[in-house]
Amino acid sequence: MATEQQLQQVAELEVEMMSDMYRRMTTACQAKCVSTAFKEGELTKGEAVCLDRCVAKYLDVHEKLGKRLTSMSQTDDAALQKLSQ
């Protein structure tokens, strides 16, 4: 059974992972979609559309990867349980 301290560590790790994902997404999408030669104070329509698509793709891939890793982990757990019996 998980202790309160273990649950706290899991929560902190999840926050750290989400922060890292957000930082990577922000960096990648900004580099791809926003020119470093700022001509206007606001995002152009093209930049905004590019950012929307970039973020959507990034989150979609992150979700698919998370599902795949969860599935692999469950398969590994089941195999370990079979071996231990």
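Helices here are DSSP runs of H or I with at least four residues, numbered from the N terminus. The views below come from a predicted model, in which local features need pLDDT of at least 70, side-chain atom pairs count only at pLDDT 80 or more, and totals for chains, interfaces and linings use all residues. Residues are numbered from 1 along each chain as its sequence is written, and side-chain values use heavy atoms, leaving out hydrogens and water.

**View A. Asp20 meets Arg23 and Arg24 in helix H1.** Let's start with a salt bridge, meaning a side-chain nitrogen of Lys or Arg within 4 Å of a carboxyl oxygen of Asp or Glu. Asp20 pairs with Arg23 at 2.4 Å, N to O, and with Arg24 at 2.9 Å. Arg23 sits 3 residues from Asp20 in helix H1 (residues 4-33), so about one helical turn separates them. Asp20 is partly exposed at 27% relative accessible area (buried is under 20%, exposed over 50%, partly exposed in between, with a 1.4 Å probe and protein chains only).

View B. Glu63 is partly exposed at 44%, while Lys67 counts as exposed at 55%.

**View C. Leu65, Leu69 and Met72 make a nonpolar surface patch.** The patch covers about 280 Å², an area from the Shrake-Rupley method with a 1.4 Å probe, where only the protein chains shown count as cover for residues. Patch residues have over 30% relative accessible area and no salt bridge; nonpolar side chains (Val, Leu, Ile, Met, Phe, Trp, Tyr) are joined within 5 Å, like charges within 9 Å. Leu69 lies in helix H2 (residues 45-84) and is partly exposed at 48%.

Definitions and conventions:
Helix = DSSP H or I, 4+ residues; strand = E, 2+ residues; numbered from the N terminus.
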